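Good morning, colleagues. Please look at the sequence and the structure on the screen while I take you through a few of their features.

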Amino acid sequence: MASQQTVQAHRPGALRRVVQGPASEWIGLAVRLGLALVWGWAGLAKISDPAEAAQAVRAYEILPESLVKPIGYGLPFLELALALLLLIGLGTRIVAVVSAALLLTFIAGITSAWARGISIDCGCFGGGGAVDASKTEYLQEILRDTGFLLLAAWLIARPRTRLSVDSWLAS
């Protein structure tokens with residue numbers, strides 16, 4: 001009986017087998033493409049109207065005015081670059097680290113606006129700026145970005161994915 005319990009304690013669980021097994025590279029592919037979709041969607045939504053993106057950055061009332069335009073105009077290009085790199089699977093771990101840092105920055109900005117009582121739309125997928133207090137969605141935005149952060153964390157921990165340039169270069 002004791003030896004059977006010892007065997008069961010050392011046998012990996014079903015979840016662990018999936019996470020560490022051959023399926024993990026397919027899961028990584030789905031995670032990588034999912035995060036690429038998020039960054040692509042966010043970047044494309046903002047790139048057509050960079051002035052609006054700068055207004056969204058300004059609404060947080062965090063950055064000095066001298067940084068609002070460079071960040072507002074540059075952020076869509078960064079998001080599209082992250083999307084492209086994730087799509088092809090090049091530098092996956094580095095891109096995931098940058099993604100995580102960016103998402104933590106977004107979460108901190110949204111939390112800061114919420115804590116200071118500023119009523120804004122996050123501008124995460126275009127738009128943004130001041131809104132009526134009844135139209136803020138801080139909790140949903142933070143939870144959504146936390147979910148995206150978990151995707152980035154997966155790729156930081158397991159950057160090896162199927163159908164990636166990284167795998168092709170490593171072979």
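First, the basis. The model is a predicted one, in which local features need pLDDT of at least 70 and side-chain atom pairs count only at pLDDT 80 or more, while totals for chains, interfaces and linings use all residues. Residues are numbered from 1 along each chain as its sequence is written, and side-chain values use heavy atoms, with hydrogens and water left out.

Let me begin with the database record. The unreviewed UniProt entry annotates residues 25–157 as "domain: Methylamine utilisation protein MauE". In the model, the span 25–157 is 76% helix and 3% strand, and its end C-alpha atoms lie 12 Å apart. Helices (H or I, at least four residues) and strands (E, at least two) are DSSP runs, numbered from the N terminus.

Residues 26–47 are 100% helix and 0% strand, with the end C-alpha atoms 31 Å apart. For residues 94–115, the chain is likewise 100% helix and 0% strand, and the end C-alpha atoms are 31 Å apart.

I turn now to packing. Two packed helices are described by the angle between their axes and the distance between the axes. Axes here are lines fitted to C-alpha atoms, for helices over the stretch in contact, and angles run from 0 to 180 degrees between N-to-C directions.

How do helices H6 and H7 pack? Helix H6, residues 92–115, meets helix H7, residues 138–157, at an angle of about 160°, and their axes are 8 Å apart. H6 is therefore roughly antiparallel to H7; angles under 35 degrees count as roughly parallel, over 145 as roughly antiparallel, 65 to 115 as roughly perpendicular and the rest as oblique. H6 passes H7 in a left-handed crossing, meaning that the near helix is turned anticlockwise from the far one by less than a right angle, whereas clockwise would be right-handed.

Helix H3, residues 23–47, also packs with H7, at an angle of about 135° and with the axes 9 Å apart. H3 and H7 are therefore oblique to each other, and H3 passes H7 in a left-handed crossing.

Ile-94 is in helix H6 and counts as exposed at 62% relative accessibility. Buried means under 20% relative accessible area, exposed over 50%, and partly exposed in between (1.4 Å probe, protein chains only).

Next, the cysteines. Cys-122 and Cys-124 form a disulfide, with their sulfur atoms 2.3 Å apart; the criterion is a pair of cysteine sulfur atoms within 2.5 Å. By this rule the count comes to one disulfide. Are its two cysteines buried or exposed? Cys-122 is buried, with a relative accessible area of 8%, and Cys-124 counts as buried at 10%.

Finally, the backbone. Most residues other than glycine have a negative phi. Glu-61, however, has a positive phi near 55°. Glu-61 lies in the loop between helix H4 (50–59) and helix H5 (65–88), and counts as exposed at 57% relative accessibility. Leu-163 has a positive phi of about 55° although it is not a glycine. Leu-163 lies in the loop between H7 and helix H8 (165–170), and at 65% relative accessibility counts as exposed.

Terms used
UniProt positions are given in the numbering used here, feature names are shortened, and annotations may be inferred rather than shown by experiment.
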